[in-house]
Amino acid sequence: MKSLLSAVRESEEAAHFLALSGDFDLDRYDHVEDVHLASGVALEGFAGDGTGGTFFFCGDGGEERPILYADSEGGAALVAIGLPELLQLLLVAPWWRGCQKFTAEESRELAAEYLADIPDLAARAGRAATTLGLALPDEKDALARLRQVASGIGKDFVLILTAEGEPYEPLFAL
């Protein structure tokens with residue numbers, strides 16, 4: 001079975017769209033600070049964003065591992081269980097970081113900003129999903145899953161700033 005990360009790298013259109021709309025760049029995977037999980041579970045940076053945030057696989061295994069996102073401002077949260085779930089979130093709700101309360105109104109406002117810049121967002125996300133072999137959930141379901149992961153199992157994934165021994169703040173106001 002082909003790696004989903006490889007599929008993203010091989011598809012210029014999907015990689016470009018994920019970088020543009022989802023701020024997800026496979027060439028940026030070094031975090032700005034030395035960090036570790038309080039549990040001692042391994043972290044592996046595999047992608048980043050333009051503001052210094054990093055996506056980490058947690059634990060051992062492949063692309064099915066839990067994924068933690070840490071921003072450059074000291075916030076972190078578990079955001080997906082496995083790479084397919086993360087990419088689905090990035091494709092249908094690239095404004096996920098701004099959904100602090102996970103309300104429909106909040107999401108609509110953020111979506112409107114994205115659509116003003118990328119009016120064909122849904123069509124481009126659909127093409128990227130097809131290229132990557134992903135079925136897309138609707139926005140409401142993707143954000144509900146994000147909330148479930150971040151507030152459920154995510155509570156066991158506490159990121160620590162190694163130099164200071166201090167935990168990152170929760171990324172979401174749950």
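Predicted model: local features only at pLDDT ≥ 70, side-chain atom pairs only at ≥ 80, totals over all residues.
Is R65 buried or exposed? R65 is buried, with a relative accessible area of 7%.

1. **R65 and its partner.** R65 makes a salt bridge with E44, and their closest N and O atoms are 2.9 Å apart. R65 sits in the loop between β3 (54-58) and β4 (66-70), while E44 belongs to strand β2 (residues 43-48), so this pair ties together parts that are 21 residues apart in sequence. E44 is partly exposed, at a relative accessible area of 39%.

2. **R97 with D49.** Another salt bridge joins R97 to D49, with 3.5 Å between the closest N and O atoms. R97 is in the loop between α3 (83-92) and α4, and D49 is in the loop between β2 and β3, so parts 48 residues apart in sequence are tied together by this pair. Here D49 is buried, at 3% relative accessibility, whereas R97 is partly exposed, at 22%.

3. **R127 with E13.** The whole structure holds five salt bridges. One of them is formed by R127 and E13, whose closest N and O atoms are 2.9 Å apart. This pair links distant parts of the chain, from R127 in helix α5 to E13 in helix α2, 114 residues apart. Both ends are partly exposed: R127 has a relative accessible area of 39% and E13 has 43%.

4. **R124, a charge to look at.** R124 also lies in helix α5 (residues 121-132). R124 is buried but has no salt bridge, and the nearest side chain of opposite charge, D120, is 4.0 Å away. Setting aside neighbours within four places in sequence, R124 contacts H16, F17, L20 and I118.

5. On the surface, E105, E109, E113 and D117 gather in a patch of negative charge. E113 is in helix α4 (residues 104-117) and is exposed, with a relative accessible area of 52%. S107 is in helix α4 as well, yet S107 counts as buried, at 2% relative accessibility. Not counting residues up to four places away in sequence, S107 touches W95, C99, E139 and L143.

6. You will find D23 in the loop between α2 (12-22) and β1 (35-37), where D23 is partly exposed, with a relative accessible area of 27%.

Key. Residues numbered from 1 in each chain as written. Heavy atoms only, no water. Patch = residues over 30% accessible without salt bridge, like charges linked within 9 Å, V, L, I, M, F, W, Y side chains within 5 Å. Areas by Shrake-Rupley, 256 points an atom, 1.4 Å probe, with all protein chains shown as cover. Lys, Arg positive; Asp, Glu negative; His and termini not counted. Charge placed at Lys NZ, Arg CZ, Asp CG, Glu CD. Helix = DSSP H or I, 4+ residues; strand = E, 2+ residues; numbered from the N terminus. Buried < 20%, exposed > 50% of the residue type's maximum accessible area, 1.4 Å probe, protein only. Contact = heavy atoms within 4.5 Å.
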